[in-house]
Amino acid sequence: MTTTLAPPVPIGKAAVGALGVLALSTGALESVVSPTIPLLERELDMSQSESALLSIVLLITGALITPLAGKFGDRYGGKKILIRLMAVVALGGTVSALAPNLPVLLVGQVLQGAMIGALPLSFIVVRKHLPAGESKVAIGVVSGLFVGGSMVGMLSAGPVAEQLSRHWMFALPTMAVIASTLVVNRLMPADAPGRSDDSGIDWPGLLLLSGMLVTLMLVLALAPEAGSAPLVLAALVVLLGVFVTGWIRVERRAAAPMIDLRMLARPAIWKACVLTFVICLGTMMAVYLIPQLLDERGDGYGFSASATEIGFFLLPGAIAATLAGPLGGIGDRRFGSRAVVNTGVVMMAVGLLAVAAVHSEIWHLVVGKVLIALANGLCVTAMMTSTATAVDKEDTGIATSLILVSRVVGSAVGGQLGGALLTAGTPSGSEVAAESAYVTGFVIAGVVVSLALFVTRTMSKGVKA
């Protein structure tokens with residue numbers, strides 16, 4: 001005797017619209033830092049290495065929160081976990097808005113990173129309450145509004161920070177997050193919890209991975225000042241080795257590891273992880289260095305751009321990143337993932353090396369950033385697609401989590417390396433980094449990305465691993 005599944009509980013357009021406004025608000029809150037890093041450096045008296053932390057702590061928190069959010073969402077209900085994570089985001093935005101110094105601002109950004117784990121939960125909630133066709137449309141709307149929110153934040157952060165204060169550029173989108181979360185809580189019906197997962201949560205693996213990523217950031221941040229504190233740097237390197245060793249051992253022995261390292265033995269997976277690391281390193285170097293160069297006030301280089309102008313100059317790159325996802329999907333279906341990744345790698349290497357060679361006009365940086373953003377979107381889309389098709393369905397979550405960790409580590413290394421190069425290239429007593437520091441950063445990133453072509457040559461076109 002068969003049982004008939006109950007139809008999905010319908011939700012109205014108002015509930016989907018509330019989720020969209022929430023995505024718009026979180027997108028705006030997530031993107032206000034990038035165009036205002038030079039302004040924050042001056043107001044909070046930060047070095048370039050310290051400010052590089054602001055570009056990556058949110059992403060690192062998101063990488064750690066996302067797998068937990070998925071498990072808790074299945075266990076206790078997607079809406080319940082979504083609302084609680086958005087409360088953490090609102091707290092983080094409030095802390096960032098009130099932050100008097102860098103340490104407090106970093107705490108706020110760490111808390112805001114919960115938004116990366118919360119947004120996928122909204123997609124799960126939509127799928128539970130809408131038929132397949134309608135849920136795809138709703139997910140598309142929510143995703144599009146998140147990207148739109150990123151553009152709003154990028155354009156508005158500079159004017160708000162300059163006309164009001166840096167505090168308000170965090171406070172305004174945080175208020176919108178709080179208001180939209182309350183509306184979602186009211187309009188969205190609760191979804192039934194799933195079956196309890198007997199495997200539990202890999203807390204030791206999560207804690208060791210957190211320690212590993214934080215220690216890695218500290219090592220990269222302190223590297224330019226190693227001469228003044230060599231013992232501290234050496235101790236951190238040893239601690240990093242301890243974290244890495246301990247994490248590998250824990251993950252190998254865990255019944256349900258957060259990251260299944262055995263899957264890295266599959267050629268399709270380790271190649272995808274290497275390529276993701278390299279692409280994200282190059283992308284984050286550009287994300288950090290280009291706004292700094294736009295703000296720079298050097299002799300014969302730099303443009304003394306304001307935070308408002310920087311946001312405007314970065315907008316074409318944000319638009320290119322938005323278009324890259326659909327273009328990558330179309331290219332993958334027509335030409336295969338290897339062709340798309342090869343195109344993206346070449347495009348990014350050309351963009352980075354071109355900016356290193358020619359950066360005397362603003363449009364040089366704008367065009368370079370567009371190429372880099374487009375290449376990043378193409379490669380990430382192709383990597384996710386090829387990874388998902390290279391493993392069995394039940395292994396998709398494990399495989400994509402490896403990609404996520406590779407993305408975070410690549411971004412962390414890229415951002416911190418960019419900051420370290422500028423710190424090392426700033427003469428004592430000066431606030432202006434040497435032009436050679438920027439050139440070196442773009443060249444290193446371009447060369448590293450170019451080396452990825454040796455990996456893409458051996459990629460398959462999507463056969464099972």
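A412 touches I56, I60, M217 and L220, leaving aside residues up to four places away in sequence, where contact means heavy atoms within 4.5 Å. This is a predicted model, in which local features need pLDDT of at least 70 and side-chain atom pairs count only at pLDDT 80 or more, while totals for chains, interfaces and linings use all residues. Residues are numbered from 1 along each chain as its sequence is written, and side-chain values use heavy atoms, with hydrogens and water left out. The secondary structure of the protein chain comes to 18 helices and zero strands, both being DSSP runs numbered from the N terminus (helices are H or I with at least four residues, strands are E with at least two).

**The chain as a whole**

- Of the 465 residues in the protein chain, 52% count as buried, a term that means under 20% relative accessible area, whereas exposed means over 50% and partly exposed lies in between (1.4 Å probe, protein chains only).
- The protein chain has an accessible surface of about 20500 Å², and 68% of that surface belongs to carbon and sulfur atoms; accessible areas come from the Shrake-Rupley method with a 1.4 Å probe, and for residues only the protein chains shown count as cover.
- Among contacts in the protein chain with a separation of 6 or more, 82% are accounted for by residues 24 or more positions apart.

**Helix 5 and helix 6**

- Helix 5 (residues 78-98) packs with helix 6 (residues 102-112) at an angle of about 160°, and their axes are 7 Å apart; axes are lines fitted to C-alpha atoms, for helices over the stretch in contact, and angles run from 0 to 180 degrees between N-to-C directions.
- Helix 5 and helix 6 are therefore roughly antiparallel to each other, on a scale where angles under 35 degrees count as roughly parallel, over 145 as roughly antiparallel, 65 to 115 as roughly perpendicular and the rest as oblique.
- The crossing in which helix 5 passes helix 6 is left-handed, which applies if the near helix is turned anticlockwise from the far one by less than a right angle, clockwise being right-handed.
- On the helix 5 side the contact is made by V88, V89, L91, G92, G93, V95 and S96, and on the helix 6 side by V104, L105, V107, G108, Q109, L111 and Q112.
- The residues of the contact of helix 5 with helix 6 comprise eight nonpolar, six polar and no charged; here Ala, Val, Leu, Ile, Met, Phe, Trp, Tyr, Cys and Pro count as nonpolar, Asp, Glu, Lys and Arg as charged, and the others, Gly among them, as polar.

**Helix 4 and helix 5**

- The axes of helix 4 (residues 57-76) and helix 5 come within 7 Å and cross at roughly 140°, and that makes helix 4 oblique to helix 5.
- In this pair, I65, A69, F72, G73 and Y76 of helix 4 meet G78, K80, I81 and L85 of helix 5, and by class the contact has six nonpolar, two polar and one charged residues.
- L85, which lies in helix 5, counts as buried at 13% relative accessibility.
- L85 touches I65, A69, A114, G117, A118 and L121, not counting residues up to four places away in sequence, and its C-alpha atom is separated by 9.4 Å from that of L119, 34 residues apart along the chain.

**Helix 1 and helix 7**

- Helix 1 (residues 13-31) and helix 7 (residues 114-129) pack at an angle of about 165° with their axes 11 Å apart, and are therefore roughly antiparallel to each other.
- Helix 1 passes helix 7 in a left-handed crossing, with L19, A23, T26, L29 and E30 in helix 1 meeting M115, L119, S122 and V126 in helix 7.
- By class, the contact of helix 1 with helix 7 has six nonpolar, two polar and one charged residues.

**Two buried helix residues**

- A412 lies in helix 16 (residues 396-424) and counts as buried at 1% relative accessibility.
- A412 and L59 are 353 residues apart in sequence, yet 8.7 Å apart in space, C-alpha to C-alpha.
- T276 is placed in helix 12, where it counts as buried at 5% relative accessibility.
- T276 touches M383, I403, S406 and R407, again not counting residues up to four places away in sequence.

**Positive phi in loops**

- D45 has a positive phi of about 55° although it is not a glycine; D45 is located in the loop between helix 2 (37-44) and helix 3 (48-54) and is exposed, with a relative accessible area of 69%.
- S304, also a residue other than glycine, has a positive phi near 50°; S304 lies in the loop between helix 12 (267-295) and helix 13 (307-335) and is partly exposed, with a relative accessible area of 41%.
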